[in-house]
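Subject: Structure handover and notes

Dear colleague,

I am passing on the structure we talked about, and I would be grateful if you could look through it with the notes below at hand. They go from the whole chain to single strands, and then turn to a pair of helices.

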Amino acid sequence: MSSVGIPAGATPPPGVGIGRTVQVIGHLTAREFRIRYQSAFLGWLWALLPAIVRFIVLGVVFSQILPVTGPDYLAELAVGVLGWQWFSAGVASATVSPISRRDLLSQPALPRPVIPVVSVLTDAFDYLAGVPVLLVIVLVDTGGLPATALLFPLLLVLQGCLTLGLGMAAAVANVHWRDTSLAVSLLLAVGIYATPVFYTSRVLTEQLRSLTQLNPVGALFEAQRQVLIEGTVPSATTLTVLTVVCGGVLAGGWAVYRHWSATFVDQL
Amino acid sequence: MTAPRLELSGVGKRFRRGGATSLQQRFLGRGTRGQWVTALHDVDLAVGPGEIVGVLGRNGGGKSTLLRVAGGLTRASSGSVQRHAAVSGLLTLNGSASGDLSGADNAVTGAVLAGLSPRAARGRLPEIAAFAELDDAVLREPMRTYSDGMKLRLAFAAAAMTDPDLLLIDEVLAVGDIAFQEKCLTHIERLRDGGTALLVASHVTSHMRRLATRAVWLRGGTVVADGPPSEVIDEYEASLDERAGAPQDLAGGGFRKGTGEVRIAGITSTGSQGAGPGATRLGGGLTVTVAYHREASVTHANFSVSLRRVGGDVKVVDLTTEASGAAVPLADEGSISVAIDRLDLEPGTYWLDAGIYSKDWEVPYDYHWDAWRVHVLGTGTSGILQPPHAWRVDG
């Protein structure tokens, strides 16, 4: 039995260790995935289908209208589109998670950070469902899969950290001001064009390129394209900066969420 | 006494109400900063193994806030909260259920949220199903096919079958039919006797008399009484009657009691089908208007309207403004109406009683009974209700 004294300023209920947190996250994420796809006739294929359709349509459209597209454009597009899909869906659902899942906030035995984590992980499943399609496109488009692709999962973890950190911070704001989620949607709607999703930073002018490098999401996509398509390893500086930024955003978002989530139920 | 599992000392809780709720309000400066509301003030409380501490009090008295603070759902503004055991809570039922998933699936999630590991929760499934009185075939069905009663039974069973060390229960004891309620109460007693520490909030004093080993009466966030349940509950019930004072005769017949800050000026009712004042036809609606005047500076009040068969004690209809949300803002003179779409009561004569209460229901300002009648016109039977119906003869 744990013995935990909790002064007025402290937070987590006892019985809430790391092991329990991981178990609950696993259980709830699997459950969300089942809810999302169980009742549909095609089941989990619905997780896969949007990715395929989106790649085909965008690939056809953009290779016609963009003036400069490299030889591997379809693969580059697939990395960007799939990545952005997870990033935007994850941030958006994490932002509203304390309100849409307020039922979970009234469970004393539930660690509160579980709520946005489950949102981001559920959307990660959609990403993972799209990965086989992505790999097929890369194979077909470039004729092979470079060894550097082994670094790809690491970049996905970094992307998850970034998504979760931003989502947690936005979730705190959204509990206090409900129109935060609208502002987040707007930013995400604009962000898809400001980020190298449909294009790569190669096609940009030098000035614009250095500007997009300040965008960690874009930098992540570029790095993902490098390891998966070009077969080169991003510079140590790039990897370090990305790790520090993504880890920092997560640590910051987590701290903000931890502090404010202790009084979420007062606001709901 | 063994060491307590839950200790609250000097706990206070304040939060801001009515502040800006949107970015627009926040940054255009339209929202006020809101007002601080004190929900709890200097509460001391300890719950040990094998104890049930019952928290009594009217709505708004701070019961739910106390349980939330005790469970760590929200942070206390002052004082200290110490939990020496893993805490589990029955604070809301069914909030997390999904209609698309099976009952079994939802029951496992309920048990996981209550504190079990997923593996242990699956292991408990037969026990949960037995307690909820649902068989395997039903458990495999999606939850959306369940009746409300089945959902509540399953939710209670999933959360209660977890052998918690410290359990918080907020007003969920009165779920399901009488037989299931009895089962829940027995289960709570078994947990208590098995050494669980329980903190239970309820306004059902009969449950409290039976379960509690100690009772705490909260009013306006402050502990008014703390001690043996029978004493505290007697005191609590007496206070409700005492405040109201002795019944007084009304000039036009009937009785009133209450403190008189707000007075009922008249109770009128109109049927929906032109049956005239004070009457409606079987299957028709009824609009009841309570006129009042204010005698003291009271800003808000709750209203209640009830119907009793003449000669009977049981309220067949009991409507309150509480159910529709907030207390009603008052004017010096005014009236409030409640429109009942369909009454469907058995034809006959009913007493139309009405009351005006303070915002927290602690103080009855004015309550009139046996003073105003409503006639339901039509052909009577021996039932209580006469729902719309049709007979059909086959063959």
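Of the 395 residues of chain B, 41% count as buried. Please keep in mind while reading that this is a predicted model, and that everything below is computed from it.

**Chain B as a whole**

Chain B contains 10 helices and 21 strands, and its C-alpha atoms fill a box of roughly 70 × 65 × 55 Å when taken along the principal axes. If one takes the contacts in this chain between residues at least 6 apart in sequence, 71% of them join residues at least 24 apart. The domain assignment divides chain B into domain 1, covering 6-240, and domain 2, covering 248-377, and the C-alpha centres of these two domains of chain B lie 33 Å apart.

**The six-stranded sheet**

In chain B, 6 strands make up an open sheet, in the order E5-E6-E7-E3-E8-E9, and the pairing within it is mixed. Strand E5 (87-90) and strand E9 (222-227) of chain B stand at the edges, and because each has a single partner strand, one side of each is left without a neighbour in the sheet. On average, neighbouring strands of this sheet are turned by 15° against each other, direction ignored.

How many of the residues of strand E3 (residues 52-56) of chain B are buried? The strand is mostly covered, with 5 of its 5 residues buried. Ile52(B), Gly54(B) and Leu56(B) point one way from E3(B), while Val53(B) and Val55(B) point the other way, and all are buried.

The pairings of E3(B) can be followed to the strands beside it in the order given above. With strand E7 (residues 197-201) of chain B, E3(B) pairs in the parallel sense over 4 bridges, and Gly54(B) has Val200(B) as its bridge partner in E7(B). With strand E8 (residues 214-219) of chain B, E3(B) again pairs in the parallel sense over 4 bridges, and here Leu56(B) stands opposite Trp217(B) in E8(B). E8(B) in turn pairs with E9(B) over 5 bridges, in the antiparallel sense, with Leu218(B) standing opposite Val223(B) in E9(B).

**The three-stranded sheet**

A further open sheet of chain B has 3 strands in the order E12-E14-E18, and its pairing is antiparallel. E12 and strand E18 (333-340) of chain B stand at the edges, each with a single partner strand, so one side of each is left without a neighbour in the sheet. The twist from one strand to the next averages 20°.

E12(B) and E14(B) run antiparallel and are joined by 9 bridges; Thr268(B), for instance, has Thr289(B) as its bridge partner in E14(B). Strand E14 (residues 286-294) of chain B also pairs with E18(B), in the antiparallel sense and over 8 bridges. Along that pairing, Tyr292(B) has Gly334(B) as its bridge partner in E18(B), and Ala291(B) stands opposite Ser335(B) in E18(B).

Where does Gly258(B) lie? Its place is in the loop between strand E11 (255-257) and strand E12 (262-271) of chain B. Gly258(B) counts as buried because 22 C-beta neighbours lie inside 10 Å, the cut-off for a buried residue being 20 or more. From Pro4(B), Gly258(B) is 254 residues away in sequence and 41 Å away in space, C-alpha to C-alpha.

**A helix pair in chain A**

Two packed helices are described by the angle between their axes and the distance between the axes. The axes of helix H3 (residues 73-100) of chain A and helix H6 (residues 152-176) of chain A come within 7 Å and cross at roughly 30°, and the crossing of H3(A) and H6(A) is right-handed. Among the residues that make the contact are Gly83(A), Trp86(A), Phe87(A) and Gly90(A) of H3(A), together with Thr163(A), Leu164(A), Gly167(A) and Met168(A) of H6(A). The residues of the contact of H3(A) with H6(A) divide into 13 nonpolar, 8 polar and no charged.

With best wishes

Key:
Residues are numbered from 1 along each chain as its sequence is written. Chains are lettered from A and ligands numbered from 1 in the order in which they are written. This is a predicted model: local features need pLDDT of at least 70, side-chain atom pairs count only at pLDDT 80 or more; totals for chains, interfaces and linings use all residues. Domain bounds come from an automatic or database domain assignment. A residue is buried if 20 or more other C-beta atoms lie within 10 Å of its own, exposed if 12 or fewer, and partly exposed in between; C-beta atoms are placed from the backbone. Helices (H or I, at least four residues) and strands (E, at least two) are DSSP runs, numbered from the N terminus. Two strands pair if DSSP finds at least two bridges between them. Axes are lines fitted to C-alpha atoms, for helices over the stretch in contact, and angles run from 0 to 180 degrees between N-to-C directions. A crossing is left-handed if the near helix is turned anticlockwise from the far one by less than a right angle, and right-handed if clockwise. Two residues are in contact if their C-beta atoms, placed from the backbone, lie within 7 Å. Ala, Val, Leu, Ile, Met, Phe, Trp, Tyr, Cys and Pro count as nonpolar, Asp, Glu, Lys and Arg as charged, and the others, Gly among them, as polar.
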